[in-house]
Amino acid sequence: MGRKTGDGRNKLKLLTPSSWWGAKWREALPAGNGITGAAVYGGVHLETVMLTHGSLWWQSRTPDLPDVSGRLGEMRRLMMEGKEALAENVLVDGLKEQGYDPVMAVPLPLGDLNLRYAL
């Protein structure tokens, strides 16, 4: 899906329009610089870009990340044994056991930018 261009910038190429499955928010192409964000929905003649800003996110909780590096050996061992499904949760389970319970922030949109192209 993504690759580097000759000048070092990233380039994304989608095989289907981002709105192909019903234009749900999670089907947009994310873009931004860490403060200002956009979700580009894509379309042939109408482009919708939802804009947001870092100060418009609310209800998040991000506690300090506990050290679970001691579980890395177990995770590697399981992967080498071909038990990827079990290895997948080793670090996550370690975080939960130490009480790590983050809450994802809820984005509030700044607005939509609609670009209409002539036929």
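## Helix H3

A residue is buried when its relative accessible area is under 20%. This model is predicted. In its helix H3, spanning residues 90-97, the buried residues are Val90, Gly94 and Leu95. Viewed down the axis of H3, these buried residues fall within an arc of 135°, so they line one face of the helix.

Other helices contribute to the cover over this face. Helix H1 (72-80) is included in what covers the buried residues of H3. Helix H2 (84-87) is also part of that cover. Just after H3 comes Gly99, with a positive phi of about 85°.

## Thr48 in strand E5

Strand E5 runs over residues 46-53 and contains Thr48. The relative accessible area of Thr48 is 18%, under the 20% cut-off, so Thr48 counts as buried.

## A nonpolar surface patch

Trp58, Val106 and Leu108 make up a nonpolar patch on the surface. Together they have about 240 Å² of accessible area.

Val106 belongs to strand E7, residues 106-107. Its relative accessible area is 32%. Val106 is therefore partly exposed, as that value lies between the 20% and 50% limits. A patch residue needs over 30%, and Val106 has 32%.

Notes: Residues are numbered from 1 along each chain as its sequence is written. This is a predicted model: local features need pLDDT of at least 70, side-chain atom pairs count only at pLDDT 80 or more; totals for chains, interfaces and linings use all residues. Side-chain values use heavy atoms; hydrogens and water are left out. Patches are made of residues with over 30% relative accessible area and no salt bridge: like charges are joined within 9 Å, nonpolar side chains (Val, Leu, Ile, Met, Phe, Trp, Tyr) within 5 Å. Accessible areas come from the Shrake-Rupley method with a 1.4 Å probe; for residues, only the protein chains shown count as cover. A salt bridge is a side-chain nitrogen of Lys or Arg within 4 Å of a carboxyl oxygen of Asp or Glu. Helices (H or I, at least four residues) and strands (E, at least two) are DSSP runs, numbered from the N terminus. Buried means under 20% relative accessible area, exposed over 50%, partly exposed in between (1.4 Å probe, protein chains only). The arc is that of the directions from the helix axis to the C-beta atoms. Contact means heavy atoms within 4.5 Å.
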